[in-house]
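Take a look at the sequence and the model below. This briefing then goes through its surface, its cores, its strands, its backbone and its charged pairs.

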Amino acid sequence: MATHEVAEKHLREGIEASGPAPDLAAAAALLEMGDRLGVVAHLASDRVLDTGATAAATDLPEPALTRYLDALESAGIVVRESAGHYRACPDFDTVRHQAGYISWTMNANRPFIEHAREFFTDWERAARTYLRDYREVAVSSQWMGSHAFYPAAFDTIVDAKPRKVVDLGAGTCRLLIEVLTAVPGSTGIGLDFAADACRAAERAVDQAGLTDRLTVLERTIQSVADDPGFLAGADVIHAGFVFHDMLPDEEDVCDAVLANCREQLADDGFLAITDAVPYLRDPRERRFSAAVSYYHGEFMRRRLLSENEWLGKLRGAGFSDVRAVTLAFPTGRLFLAHR
């Protein structure tokens, strides 16, 4: 075989072995940097970013901002419209969604990776010492969810045309804002335990012009076990990746919250729970499911319920017409339970 043929053979084999990994790794690094700089929030495919205005808004030197945007342009993530003007590429949302998987797996859970030995040898001390960056968790989860689990929850809720929606673990209330915008006259309540998330939610609600329709509550989901009154009359109660925070140590509290959700729902209302199920073996979900399951079990000491366990727990709380919907998010399920 000629020298150039050998080189071409290795090129083909190397490209095939690498797959999409180089593109995803680069996009994740560039976009995560841009998020921390505050630039990603200014990027969209339907509007032009002006470097002067963005530099002022983010308190960044314009030359450095321009060099960053030029790197994004070289990567095909943005398009340069003219000097000082950029627009996100048409598939920017998809690129950001894909990058979210790497950002969540590698960076939102960085303490677990860097300090695995400490967690193995002295879990109590490590859990107190090495904390995740919850902003990183929220941002990367939002990027992943944009195509993988938000759409299913959004469509299910909007299709019900609810008058009142409650989101337990609402974060920055993105889902509620979109639902209330799509359903005229509807009202919502978003609950979250994190003060930073609640303040960000209040700003987002104000910017969306929904302060008279959407209320933000800074409370834990556990508090619903003792004080569920704000749920009264809800047509839909949604909870995204928060119920497992009560398992296994607070299983009785979890059961009380589920029972109170059922009790407080409107007669034709339903509960929608988006959550992860552990250690799935099908080819599509197997590897990511293993990482999610291991992080939660080994480092967070949470017990993820299987699909059948979830269905049994919901029936045990008195719900009827209980079913599970498989999500695009590997390891994710949407559980629907009617009153």
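## Surface patch

F120, Y279 and Y294 make a nonpolar surface patch of about 340 Å². Patches are made of residues with over 30% relative accessible area and no salt bridge; like charges are joined within 9 Å, and nonpolar side chains (Val, Leu, Ile, Met, Phe, Trp, Tyr) within 5 Å. Accessible areas come from the Shrake-Rupley method with a 1.4 Å probe, and for residues only the protein chains shown count as cover.

This is a predicted model: local features need pLDDT of at least 70, side-chain atom pairs count only at pLDDT 80 or more, and totals for chains, interfaces and linings use all residues. Residues are numbered from 1 along each chain as its sequence is written, and side-chain values use heavy atoms, with hydrogens and water left out.

- Y279 is found in the loop between β8 (265–276) and α14 (286–299). Helices (H or I, at least four residues) and strands (E, at least two) are DSSP runs, numbered from the N terminus.
- Y279 counts as partly exposed because its relative accessibility is 46%. Buried means under 20% relative accessible area, exposed means over 50%, and partly exposed is in between (1.4 Å probe, protein chains only).

## Nonpolar cores

- Nonpolar side chains tend to be buried together in soluble globular proteins.
- The largest nonpolar core has 44 residues, of which W104, C173, V179, L214 and F329 touch the most other members. Such a core is a set of buried Ala, Val, Leu, Ile, Met, Phe, Trp, Tyr and Cys residues joined through side-chain atoms within 4.5 Å.
- Helix α11 (residues 174–182) gives the largest share of this core, five residues.
- Another core lies apart from it and has 33 residues, among them V224, A239, L314 and V322.
- In α11, the buried residues are L175, L176, I177, V179 and L180.
- These buried residues pack against α10 (150–159), β4 (164–168), β5 (187–192), α12 (195–207), β6 (214–218) and β7 (234–240). Contact means heavy atoms within 4.5 Å.
- Leaving out residues up to four places away in sequence, F329 touches Y101, M144, A148, F149, F241, R284, E285 and F288.

## A three-stranded sheet

- Strands of a sheet pair through backbone hydrogen bonds, either parallel or antiparallel.
- Here three strands form an open sheet in the order β1-β3-β2, with antiparallel pairing. Two strands pair if DSSP finds at least two bridges between them.
- β1 (49–50) and β2 (78–82) are the edge strands, each pairing on one side only.
- Two bridges join β1 to β3 (residues 85–88), and D50 has H85 as its bridge partner in β3.
- Four bridges join β2 to β3, and V79 has R87 as its bridge partner in β3.
- Y86 and A88 form the covered face of β3, while H85 and R87 form the uncovered one.
- The hairpin of β2 and β3 has two residues between the strands, and G84 takes a positive phi near 80 degrees there.

## Backbone details

- The peptide bond from L247 to P248 is cis, with omega near 10 degrees. P248 is found in the loop between β7 and α13 (251–264).
- D59 is not a glycine, yet has a positive phi of about 60 degrees. D59 lies in the loop between α3 (51–58) and α4 (62–74), and counts as exposed because its relative accessibility is 71%.
- D321 is not a glycine either, and has a positive phi of about 50 degrees. D321 is found in strand β9 (residues 320–326).

## Salt bridges

- Side chains of opposite charge can pair when their charged atoms come close.
- The structure holds 21 salt bridges. Each is a side-chain nitrogen of Lys or Arg within 4 Å of a carboxyl oxygen of Asp or Glu.
- E13 and K9 form a salt bridge (2.8 Å, N to O). They are four residues apart in helix α1 (residues 3–18), so about one helical turn separates them.
- R36 and D133 form a salt bridge (3.6 Å, N to O). R36 lies in helix α2 (residues 21–37) and D133 in the loop between α8 (123–129) and α9 (134–148), so the pair ties together parts that are 97 residues apart in sequence.
- R174 and E178 form a salt bridge, with the closest N and O atoms 3.3 Å apart. Both lie in helix α11, four residues apart, about one turn of the helix.
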